[in-house]
Amino acid sequence: MDTTTRIPFEILKTTFSKILIQHGFEDQKAKICAELFAMASLDGVASHGLNRFPAFLEQVEKGMVVPEVEPIQEFALPIMERWNGQLGAGMYNASIAMKKAVTMATKNGMGCVALRNTNHWMRAGNYGWQAAEAGCIGICFTNTIPNMPAWGGKEPKLGNNPLVIGLPYQNKAVILDTAMTQYSYGKMAIYKKSGRQLPYAAGFDAVGKLSKNPIEVIAEQLPLPIGLWKGAGLSLMLDLLASGLSGGQSTYEIGRQQEEFGVSQFFLCIHPEVMGISKTKLDEKIEQTIADLKKSKVFDGMDINFPGEQSFIRREENLRLGVPVDADIWEKVFRMMD
């Protein structure tokens, strides 16, 4: 049974903010974190917005996320900085890191931040949008707790290590936001809650057979790597880059903690205009490429969208009509306010 209801975006934000303040976040930090949670649901990624909010508060209560700390700079060059997140809120630390990378890129054409000892950044695409809205190309990625097998393996050794690539495009953006698994754990949780099978094979069951059943895949922590062995290899490389450049923990080291905290991340920004690339020409290049893509013949019932296109459409619709939320989860969160 569908239990979806719609909540105005501003109410979603203010509710998150009030609860975060009650959990020890100062006002401005609470507003930033609340907006990032709300933006995820606004763009149709509730798995990393409202749905993830109760689990985030549990991590705060366990001391894995420390509300009052600020990230600190440990190393700096004109186009590269290394920061320690001090186990602060992952979405707050990530927004600061991307802001620093944007500032360096705006001045020098390029900038990057390697961030260690931080936490789950929730919806990864938020930081691609952040870069694009500042006129920058943004690339960022994170490692995670081991929750995906190496190709041929039957236990989780790799992380699903989300990767984001974002380009500014007119008043929108082209945003690729992808985990290294065929389906993110958040997406599988939505299907599990509704009792549905996933459209395509999501991972392996206990005996190594491909399965569309989210219950089986989540139980074994054996989601299917994107591109099979290619996704497994890419996961490893992103982990090595994030942990190596930041001096932080690798997926292997995070796994020894049994719970996911203290992860490593990397943020890269390129400012096209500072690098001598015309914004108009870049827009034209993207527009022509997308137009050609959309001319493609398709199979019955299929459609072609560029990465981030549906997010922008859902955003505009949900700002008008209200953000779709799971009524049960919304009620649980709403009752958290004193």
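What covers the buried residues of α6?

First, the ground rules. This is a predicted model, in which local features need pLDDT of at least 70, side-chain atom pairs count only at pLDDT 80 or more, and totals for chains, interfaces and linings use all residues. Residues are numbered from 1 along each chain as its sequence is written, and side-chain values use heavy atoms, with hydrogens and water left out.

Helices (H or I, at least four residues) and strands (E, at least two) are DSSP runs, numbered from the N terminus. Strands pair if DSSP finds at least two bridges between them.

The sheet is open and mixed, with seven strands in the order β2-β3-β4-β12-β5-β8-β9. Its edges are β2 (72–77) and β9 (172–178), each pairing on one side only. From one strand to the next, the twist averages 10 degrees; axes are lines fitted to C-alpha atoms, for helices over the stretch in contact, and angles run from 0 to 180 degrees between N-to-C directions.

Now the helices. Contact means heavy atoms within 4.5 Å. Helix α8 (residues 229–246) lies across β3, β4, β5, β8 and β12, at about 90 degrees to β12. Helix α10 (residues 279–294) touches β8 and β9, and its direction makes about 110 degrees with that of β8.

Back to α6, residues 185–194. Its buried residues (under 20% relative accessible area, 1.4 Å probe, protein chains only) are Tyr185, Gly186, Met188 and Tyr191. Their cover includes α7 (214–220). Just after α6, glycine 195 takes a positive phi of about 75 degrees.

Definitions and conventions
Buried < 20%, exposed > 50% of the residue type's maximum accessible area, 1.4 Å probe, protein only.
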